[in-house]
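Here's a walk through one protein model, from the whole fold down to single side chains. Have a look at it first, then read on.

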Amino acid sequence: MALQNPSEEIVVIPWSSDSEWQSLRQDIFGNKDTRNYKQALRKLLLWKTRGKSLCRGLYCTEIILQVIIKDVHFYEVDETTNESDLIRLYSMAIMKFVNLTADILGKGPQKSMYYRASRLHLPSWLIDMRHKISHDQDLPTLKSLRAAMEFALEWLQTHYWNNDENFLVIPKKVHIPVVHEFKDLLEFYIYSKSQTSAAFKQNKLNILREKLNMSECSNKECVKKIKDLLSNKDWSSDLVNVFTTQYLPQAHECNVSKGRISKTDKAIWNVLFKTFNSSGLLTNVLQCLVTHHSRISALWVLELCIVAYKSSKKIELKNNQNDNCMNCKPLNLDANLILRTALQSPHLYTNIFLKWLLQIQLSPLKVKQYHNIIKLVSLYTGEMKISSKNVDHNNIFTVDDLTSKDETDHQSQWSRAFSLMNWRQIQIGTTL
């Protein structure tokens, strides 16, 4: 955050990068498939440990998330909370939200709460509800509290998350005609490689030739056209997204070698993987795949990591066709960026490919680092459970231990950080 005046106080922000901030925003306000309130709350609580307190916008977001993750109306909960408890929790959250937002304009005899609320685009019914919670014996109904909570979340999205001067959200332009053409080309590519009956196959290919306005289109020309589309940076990210979300997940797991993609699917896609590689987009493909909550997507990452590892070690792939889903080397990818993307939002399938992804890093990890990352991801995704039996109670350290630690104290593995905070270099870590 740049300072307009050098004499101004330096403000330390708890997020390590723009992408970390945006990933939290996506967890809260993304579409139904990407929204994850519980994960967003975990990130906010981590940010909370990085300073004395959260800013007003983040704190209001936190108090709302603390409640809605307990309500089946908003989130799939493991244990349902009874209605009376939800009413009390919602009431407290609404009162805190209104108080904190209304206080932005300051207090005073000429600044009633209704006046301040109107200046901040808060409706009068929300202030009435706050007064009822504060002064009446009976609390509002659960239905009205849920409506208030939905409004509060939308208000925060509009007035904080979408309107922060450091992170202006620019609507993404999707190139629909190009995407449709790309999908038709992929369909043509798939049918030209398929083992279906000749008559059916030819009929489908002719239909697609007509749609593409390419009467003499062959598989080779199709791949060339795909490469031409991928070369344009204006829409290449849209095409990568289509490829990784709509086509690669249709692959099948191998019946013989469990935990691997079938040889048939690898044979179908190896030419296109080579095309993405030569276009410099293989890193983008892997970045998309590592974030998908899909076993097949994770297996594709595994396959590509194995190829990258064997090509870097100059291990001959031809002798083991099960590892050859690219038939090309070397691979043009940024393994460190892919790893950081994977660790930003680990999921149940991350550990399928994580060991191989760690092995292809340009700067090799120490054995302890390697095992610690795998263990942390297992804990984060719930794959590894913590029980009192495997916890060393003599070696538990809190944030208070850290803040009171002096330079001569070596009881904890953590060390204090001074001056400006670079969260990527501090052992307590980053959500990325």
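Predicted model: local features only at pLDDT ≥ 70, side-chain atom pairs only at ≥ 80, totals over all residues.

Residues are numbered from 1 along each chain as its sequence is written, and side-chain values use heavy atoms, with hydrogens and water left out.

**The whole chain**

The protein chain has 18 helices and 0 strands. Those elements are DSSP runs numbered from the N terminus, with helices being H or I of at least four residues and strands being E of at least two. Of its 432 residues, 43% count as buried, meaning under 20% relative accessible area; exposed is over 50% and partly exposed in between, with a 1.4 Å probe and protein chains only. Take the contacts (heavy atoms within 4.5 Å) with a separation of 6 or more: residues 24 or more positions apart account for 65% of them.

Two packed helices are described by the angle between their axes and the distance between the axes. The axes are lines fitted to C-alpha atoms, for helices over the stretch in contact, and angles run from 0 to 180 degrees between N-to-C directions.

| Helices | Axis distance | Angle |
|---|---|---|
| Helix 14 and helix 16 | within 8 Å | roughly 25 degrees |
| Helix 4 and helix 6 | 9 Å | about 125 degrees |

Helix 14 and helix 16 are therefore roughly parallel to each other, while helix 4 and helix 6 are oblique. For those labels, angles under 35 degrees count as roughly parallel, over 145 as roughly antiparallel, 65 to 115 as roughly perpendicular and the rest as oblique.

Who touches whom? On the helix 14 side, the residues include Leu299, Leu302 and Tyr309, and on the helix 16 side they include Phe353 and Trp356. By class, that contact has 11 nonpolar, 1 polar and 1 charged residues. Here Ala, Val, Leu, Ile, Met, Phe, Trp, Tyr, Cys and Pro count as nonpolar, Asp, Glu, Lys and Arg as charged, and the others, Gly among them, as polar.

**Ring pairs**

The structure holds 14 aromatic pairs. Rings of Phe, Tyr and Trp (its six-membered ring) pair if their centres lie within 6.5 Å; planes under 30 degrees apart count as stacked, over 60 as edge-to-face and the rest as tilted. Phe243 and Phe276 are stacked, at 4.6 Å centre to centre with 20 degrees between the planes. Phe243 sits in helix 11 and Phe276 in helix 12, so the pair ties together parts 33 residues apart in sequence. Both are buried, and both belong to a ring cluster that also includes Trp269 and Trp300.

Tyr309 and Trp356 have ring centres 5.3 Å apart and planes at 75 degrees, so this pair is edge-to-face. Tyr309 is in helix 14 and Trp356 in helix 16, 47 residues apart. Trp356 is partly exposed, at 24% relative accessibility.

**One more tyrosine**

Tyr59 lies in helix 3 (residues 56-68) and is partly exposed at 25% relative accessibility. Not counting residues up to four places away in sequence, Tyr59 touches Lys48, Leu54, Lys96 and Leu100. The C-alpha atoms of Tyr59 and Lys48 are separated by 9.0 Å.
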